[in-house]
2 protein chains.
Amino acid sequence: MLEEHRLIRALLRQPVDRTPVWIMRQAGRYLPEYREIRRQAKDFLTLCKTPELATQVTLQPLKRYPLDAAIIFSDILTIPDAFQMGLSFEAKEGPCFQKPIICREDIQRLPMLDPEIDLRYVMDAIRMTKQALNQQVPLIGFAGSPWTIATYMIEGGSSKNFSKIKKWMYHDPEGLHQLLAHLAVTITHYCNAQIQAGADVMMIFDTWGGVLSQPDYLAFSLQYMEAILKNCVRFYKGRTIPIILFTKNSEPYLQAMACSGCDALGLDWTTSLDKARKSIGHQVAIQGNLDPAVLYSNPVRIRKEVEKVLQQYGAGTGHIFNLGHGIFPDIDPGHVEVMIEAVHAMSPQYHVV
Amino acid sequence: MLEEHRLIRALLRQPVDRTPVWIMRQAGRYLPEYREIRRQAKDFLTLCKTPELATQVTLQPLKRYPLDAAIIFSDILTIPDAFQMGLSFEAKEGPCFQKPIICREDIQRLPMLDPEIDLRYVMDAIRMTKQALNQQVPLIGFAGSPWTIATYMIEGGSSKNFSKIKKWMYHDPEGLHQLLAHLAVTITHYCNAQIQAGADVMMIFDTWGGVLSQPDYLAFSLQYMEAILKNCVRFYKGRTIPIILFTKNSEPYLQAMACSGCDALGLDWTTSLDKARKSIGHQVAIQGNLDPAVLYSNPVRIRKEVEKVLQQYGAGTGHIFNLGHGIFPDIDPGHVEVMIEAVHAMSPQYHVV
């Protein structure tokens, strides 16, 4: 029974036997078997859009490691790609939109998406993966937050200072709110379609929320995530669907995020778990937060750093072990094994009743 | 008497008539007169290295606005440039080193610099600017922090995830400590040379300290800034030389930074001033922290946001008004005037005894 799985239980702050563990970008370039499949696909987007390949890639880390979750192989930019904005991934520069949003008319022209038509490849990959997983571990679906997706749509790709979207925010806040509202509705439908296709947990990546002042974070990022959380299916076919919220550099907003209606917060490594717990108490679970760079270290040090994270969270349920950000592409897969085994070996003592 | 200037007094938490104000990157591309001089110089580095031009550029914003400080026009990468690492500034990609640090031998080969020889152009620009300023306002000198300069030296330029330096940090911490120690000594000499050349205040930019976990921040960034603070000339020709520390995304480290021995902390806009004050009390002054994007707004909104920053700091001395980061290059210079005038008009009420 999946609802009895320790990942779901920990997300809902129910007692578990040990701390569950999975890894952001666990299906990715650090795995030779991923690079092999990646070579077969024309490009990264083709890989995302071919359900058979996306499924295969999603399952790869599960074959290697005793992980407590699969996360569907996809990208937060599938939505603007479905808006036909001419997305491509340049080798060095990352994502690039041929037709970024530059005026209010561009926003008004954005279509309403039907996820089962326009993003069907994601749902197909989820259905295939679910079948292959055979209820062994939960499957995590995900989406970018409205603010984070909007940064790429307006900046035209990655950005250092987010000056275009912030210019818009201060120059024409109503226009930006229109875009964010449209994205919130679209993302809600997208999340619900993933849940209906089989996702057991959803995660919302607000990667760039941390570039905002606190009032702006509440108005332009958190507000729209709250709308998604409110309108997402949270109970489906007899099971609760937990939702995790992740923001980089989230320390200034932790208390607000904890009251957003999510089940868990994903933290990067700059916030210590004891400080976070002191700040937000036990109202939500916490996922994280080993610095991904620790995996460059040696096994002895890796075990020590895993222990520190477990100690910082302390006794009791509600902790999901993860990196504080995606795994780097040049990590030794053997070091990942050391980390996971360390969580398996050291975490049960924190769950003795 | 410069020691009576409200910038120095506020940095030392002595009573002032109104909140002093200056702007990070106040001499820069948003000013048409800067772009004019920039066109005359071959490139950005030539502009930094030509004391007459650097002086002229430093003085430009002072001619336009009633600012409370000049800051010498220079760059945090002057030190690695003096190490002969082949620095250039690419149009889109920012700084780029032809010969980045890739092994311990590269570190051991780094020369000891004599600032009055190897970075004489900075000292000459400071001397010229001091003469031109004629004691009207204090002159701020600056340097990058050891950690921040090291990121550029090892990554070879700007970075998104700092994977090279963090790999080094976890793979060969001793090697990285050698580099940081060498940089700390070099930066100390550089700061002292600037003070002897006439800088009235020093500022240390730890732009990328915020990508570290808290224990790593203490060990690899703050420790070396503390060494600089300890060995810098703090009292010169009868005057106290205040030192400001700036880290982006510094909320997790505020209390540690406040105990570092600096006189003031520079904050970005993600930490609210009331929260910062609650966290660190009055042991140091605070500089900041208007979101630079607010200047994209209109005069009414700009005044309102200036008022919020002043209110958040509240009554009493120890506040230096500034942006939370460098001004964007496409800001209307008229909006800068609105901001400065708002500080002049609204801040005296916070300083009534």
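This is a predicted model: local features need pLDDT of at least 70, side-chain atom pairs count only at pLDDT 80 or more; totals for chains, interfaces and linings use all residues.
**Figure 1. Pairing of strands E10 and E11 in chain A.** Strand E10, which spans residues 285-290 of chain A, runs parallel to E11(A), and five bridges join the two. Within this pair, A:Gly288 has A:Phe321 of E11(A) as its bridge partner.

**Figure 2. The open sheet of chain A.** Seven strands make up this sheet, in the order E1-E4-E5-E8-E9-E10-E11, and their pairing is parallel. Strand E1 (70-71) and strand E11 (319-323) of chain A form the edges, each pairing on one side only. Strands of a sheet pair through backbone hydrogen bonds, in either a parallel or an antiparallel sense.

**Figure 3. The open sheet of chain B, with a view of strands E5 and E8.** In chain B, seven strands in the order E1-E4-E5-E8-E9-E10-E11 form an open sheet with parallel pairing. Its edge strands are E1 (70-71) and E11 (319-323) of chain B, each of which pairs on one side only. Strand E5 (residues 201-206) of chain B runs parallel to strand E8 (residues 243-247) of chain B, and five bridges join them. B:Phe205 has its bridge partner in E8(B), namely B:Phe246.

**Figure 4. The contact between chain B and chain A.** Chain B contributes 33 residues to the contact, and chain A contributes 33 residues. About 2,900 Å² of area is buried between the two chains, with carbon and sulfur atoms giving 48% of that area. B:Tyr170, B:Thr270 and B:Tyr296 together supply 23% of the area that chain B buries against chain A, more than any other three residues.

**Figure 5. Polar contacts and salt bridges across the interface of chain B and chain A.** Between the two chains, 14 residue pairs are in polar contact. Four salt bridges cross the interface. One of the salt bridges links A:Lys166 with B:Asp291, whose closest N and O atoms are 3.0 Å apart. On the side of chain B that touches chain A, helix H10 (163-171) and helix H12 (214-231) of chain B each supply at least two residues. H10(B) provides the largest share of this side, five residues. By class, the side of chain B that touches chain A comprises 10 nonpolar, 12 polar and 11 charged residues.

Conventions: Residues are numbered from 1 along each chain as its sequence is written. Chains are lettered from A and ligands numbered from 1 in the order in which they are written. Side-chain values use heavy atoms; hydrogens and water are left out. Contact means heavy atoms within 4.5 Å. Buried area is the accessible area (1.4 Å probe) that two parts lose on being put together, summed over both. A salt bridge is a side-chain nitrogen of Lys or Arg within 4 Å of a carboxyl oxygen of Asp or Glu. A polar contact is a pair of N or O atoms within 3.5 Å; within protein, one must be able to donate a hydrogen and the other to accept it, and residues adjacent in sequence count only if both atoms are side-chain atoms. Helices (H or I, at least four residues) and strands (E, at least two) are DSSP runs, numbered from the N terminus. Ala, Val, Leu, Ile, Met, Phe, Trp, Tyr, Cys and Pro count as nonpolar, Asp, Glu, Lys and Arg as charged, and the others, Gly among them, as polar. Two strands pair if DSSP finds at least two bridges between them.
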